[in-house]
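Please keep the sequence and the structure in view while reading the points below.

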Amino acid sequence: MIYLPLIALIGLISFAVIASHSGSVGTKLQQPDATIKHDPISLPNGTILKSSDGWGANELTIENGIDSDAVVKLVPSMNPSQASMIVYVRANNTAFLKGISPGSYSLWYMLGSDWSEGTKKFLSISACSKLAKELVLTQTDVTTSQWTITLHPVVNGNASSVRLEQTLFDSTN
């Protein structure tokens, strides 16, 4: 059998043409490499994945001093199955939520990398947590609440986080 140096690339599939002494020609199909690598995907910092229908004027600043991106959910205590707002905070960045209605909220967050637009979550998840204390946002005609939350530990910090099951995080939209 004589191998001719003719190779055609179509997409990710390679074909090699093989000729024999008798003149017949055949095609050999080779499997593509299944371990195609890509750069991890991140959304732009501060991307709002769900916005509030609220009428409020309260604000929340979220500082992510961790080397992983985060998805942060503001979950009302009265209806924990529906997040009021969801924001994407890139690693070592700060994002802002504005227009938050008064109420009591839990702050849930997932840390990870490589965002999937199809599943709306990270392909590589490192942690799911929530703040141990609720945030109480109040507002009057003259005042509003303005909170700053850090997802990373800080000296003399006054809040702690507790582990949250990923299935619970995923079930809250």
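The mean pLDDT of the protein chain in this predicted model is 83, and 79% of the residues reach 70 or more. Over residues 1-22, however, pLDDT stays under 50, and for this stretch the model has 38 contacts beyond four places in sequence.

**Strand pairing**

- Strand S9, which covers residues 103-116, pairs with strand S10, which covers residues 121-131, in the antiparallel sense, and 8 bridges are found between them.
- At one of the positions in this pairing, Ser-116 has Lys-121 in S10 as its bridge partner.
- The hairpin of S9 and S10 has 4 residues between the strands, and Lys-120 takes a positive phi near 60° there.
- S10 is also joined to S13 by 3 bridges, with the two strands running antiparallel, and Ser-129 stands opposite Arg-163 in S13.

**His-152 and its surroundings**

- His-152 is found in the loop that lies between strand S12 (146-150) and strand S13 (161-163).
- Leaving aside residues up to four places away in sequence, His-152 touches Glu-63, Asn-64, Gly-65 and Ile-66.

**The largest pocket**

- The largest pocket holds about 410 Å³ of space, and of the 19 residues that line it, Leu-131, Thr-150, Asn-158, Ala-159 and Ser-160 are the closest to its centre.
- S12 gives the largest share of the lining of the largest pocket, with 4 residues.
- Sorted by class, the lining of the largest pocket consists of 9 nonpolar, 8 polar and 2 charged residues.

**The second largest pocket**

- In the second largest pocket there is about 230 Å³ of space, and its lining is made up of 13 residues, of which Val-71, Lys-73, Ile-86, Trp-115 and Lys-120 lie nearest the centre.
- Two or more residues of the lining of the second largest pocket come from each of strand S6 (69-76), S9 and helix H1 (166-171).
- By class, the lining of the second largest pocket has 6 nonpolar, 3 polar and 4 charged residues.

Technical notes: Residues numbered from 1 in each chain as written. Predicted model: local features only at pLDDT ≥ 70, side-chain atom pairs only at ≥ 80, totals over all residues. Heavy atoms only, no water. Contact = heavy atoms within 4.5 Å. Pairing = 2+ DSSP bridges. 1 Å grid on protein atoms, 1.4 Å probe; cavity = no way out; pocket = protein on both sides within 12 Å on 5 of 7 lines; lining within 4 Å. Points joined across faces, edges and corners; volume = space filled by probe spheres on them. Nonpolar A, V, L, I, M, F, W, Y, C, P; charged D, E, K, R; others polar. pLDDT = per-residue confidence, 0-100.
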